[in-house]
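This briefing goes through a structure with the sequence beside it. Please look over both before reading the points that follow.

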Amino acid sequence: MSNIPADLKFARSHEWIRQLGDGTAEVGISDHAQHALGDLVFVELPDIGRALSAGEACAVVESVKAASDVFAPVAGTVVAVNDQLRHTPELINRDPYGGGWLLRLRAQPSSADTGLLSAGEYGTLTAEG
Amino acid sequence: MPFIPHTEQDVREMLAVIGAPGIEALFDEIPAALRVPSLAEVPAGLSEFEVMQLMQSRARQDGRPLCFIGAGAYEHHIPAAVWSTVTRGEFYSAYTPYQAEASQGTLQSIYEYQTMLASLTGMEVCNASMYEGATALAEAVLMAVRANRRSKSARILMPRNLHPHYRAVALATTGNQGVRFEELPYERALGHTLPSSLAPFAGQDITALVIAQPNFFGVFEEVDALTDFAHAQGAFVIAVVNPTSLALLKPPGSWGQKGANIAVGEGQPLGCPLSSGGPYFGFMCTRMEHVRQMPGRLVGRTLDLDGRPGFTLTLQAREQHIRRAKATSNICTNQGLLMLAGTLYLALLGPEGLERVAAVSMQRTEQLARALTAIAGVRRVFGRPGFHEIVLALDRPAAPVLAALSERGIEGGLDLGKDYPELGPALLACATETKSAEDIETYARALAEVLRPARAA
């Protein structure tokens with residue numbers, strides 16, 4: 001049973017988003033996703049300042065056997081990326097909801113988080129999967 | 001690893017399991033209008049004996065000419081052990097098996113190839129080979145566009161004295177992906193790219209500069225000045241190099257202050273015979289900082305659970321079977337067999353042997369230049385040192401001269417009229433270590449004969 005913090009929202013494509021309260025939000029991939037990918041060896045992060053639309057591929061997480069896109073859960077502008085992942089991508093395996101965060105977005109005011117799942121809904125989705 | 005075809009019984013049993021009436025039924029989702037009912041243009045099969053007779057008669061038409069054509073593919077002596085090893089059953093496939101680690105010998109040969117090429121080019125990492133030199137350059141251009149994050153322009157500076165086929169293949173492969181090429185002129189008396197010809201691009205957004213060393217004319221470029229200029233503009237440097245020449249020349253990894261970003265080239269001179277344009281293999285090397293954008297795969301050395309050394313695929317996650325449309329390229333193992341020939345060739349010659357091949361080749365090219373330019377009406381075009389090739393100007397059109405030489409059993413060089421009309425009647429000639437002093441003398445005598453009658457007339 002994977003770990004699903006109750007205060008986060010989730011995309012069906014296995015990203016999580018955390019509102020930081022200052023108009024920005026942190027994005028990462030779920031415990032379920034890191035477990036499915038296996039040991040991560042490389043992370044490709046977007047440039048700071050890049051404008052993303054909801055659902056746009058914005059990062060790549062690469063394990064020994066696969067490289068997968070990470071999609072922006074909401075529209076926004078990249079304000080920070082987790083530079084520690086460039087040398088220690090395994091942080092995502094160890095701490096997917098904390099030290100393994102990928103990027104921070106300033107969400108567009110108009111962007112709604114429609115389509116995102118609550119922790120409970122995401123738990124049901126991954127239990128089915 | 002044996003490859004055993006299915007028997008008719010195997011096929012029947014498999015069809016029975018999935019409930020299909022026959023093989024044809026597996027293709028029924030293809031609309032009938034798209035199916036080709038028969039291949040009327042393909043002639044009926046020949047027996048093995050008939051094919052042998054046909055091929056022998058065609059081979060006889062080629063004769064055994066004395067070949068002085070280089071222009072990107074070079075005749076070198078290949079030790080007999082190279083191809084007797086390559087054609088062993090354990091190796092005789094172009095591919096890595098799908099469970100690559102099951103074939104440790106194949107992986108070890110790729111690992112050794114990577115190690116030797118990285119060492120030869122002075123780069124940190126080398127992939128498991130490309131199709132040939134020209135597509136390796138095209139892939140390097142695409143890689144530079146992906147990896148050079150400072151540049152948004154996808155503009156590539158391409159010298160006119162780079163092999164015309166390489167320029168054509170790079171354009172054909174990348175032209176529809178938004179890549180733009182700008183041609184750099186060469187210095188007309190010396191044949192190289194003047195560093196000052198880059199001045200108009202100072203301060204502009206350039207993605208990469210391609211530098212060929214030696215260039216198509218065989219002339220050496222001022223690689224340090226060109227490399228440093230490119231890096232000062234934030235551009236990548238893509239080196240196109242002849243692997244044999246690297247036994248003598250400064251490797252791309254040491255060009256200028258920082259070294260080239262990507263080095264590619266044609267691997268044919270390493271153990272692959274001349275054969276109508278291929279199959280050959282290409283090589284691609286880069287620095288570790290760009291490795292994720294490099295196409296293809298890498299083999300690494302590791303330890304198994306019991307601590308014994310072994311080999312494994314360490315980079316393949318961006319290949320097409322995993323990343324589909326987002327793969328860095330369609331290249332995988334590709335020319336594995338030719339790459340193996342290159343590995344064996346390098347292993348048998350060693351650094352010293354390769355250096356001797358390169359040095360003797362240079363010497364023979366100079367002998368050829370002296371012998372031919374002693375003939376009235378033949379002049380050396382470029383006054384700069386080089387490797388393997390010389391450009392000779394003639395006092396009359398090159399094509400009939402080359403045809404007359406061909407009748408005498410000599411392939412005298414490549415007519416440059418089509419690709420470089422600005423040079424006037426000119427040909428590109430080459431001598432490697434395979435051309436003896438007598439061979440060169442034979443060529444010079446024949447050329448003097450061919451040129452004499454018209455001069456008398």
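In chain B, 77% of the contacts between residues at least 6 apart in sequence join residues at least 24 apart. Two residues are in contact if their C-beta atoms, placed from the backbone, lie within 7 Å. This is a predicted model, in which local features need pLDDT of at least 70 and side-chain atom pairs pLDDT 80 or more, while totals for chains, interfaces and linings use all residues. Residues are numbered from 1 along each chain as its sequence is written, and chains are lettered from A and ligands numbered from 1 in the order in which they are written.

**Chain B**
- Chain B has 11 helices and 15 strands; these are DSSP runs, with helices (H or I) of at least four residues and strands (E) of at least two, numbered from the N terminus.
- Its C-alpha atoms fill a box of roughly 80 × 60 × 50 Å along the principal axes.
- Of the 457 residues of chain B, 43% are buried, meaning that 20 or more other C-beta atoms lie within 10 Å of the residue's own, with C-beta atoms placed from the backbone.

**Chain A**
- Chain A has three helices and nine strands, in the order β-β-β-α-β-β-β-β-β-α-β-α along the sequence.
- The C-alpha atoms of chain A fill a box of roughly 35 × 35 × 20 Å along the principal axes.
- Of its 129 residues, 42% are buried.
- Among contacts in chain A with a separation of 6 or more, 64% are between residues 24 or more positions apart.

**Where the chains meet**
- Seven residues from chain A and five residues from chain B make up the contact.

Note on methods
A residue is buried if 20 or more other C-beta atoms lie within 10 Å of its own, exposed if 12 or fewer, and partly exposed in between; C-beta atoms are placed from the backbone.
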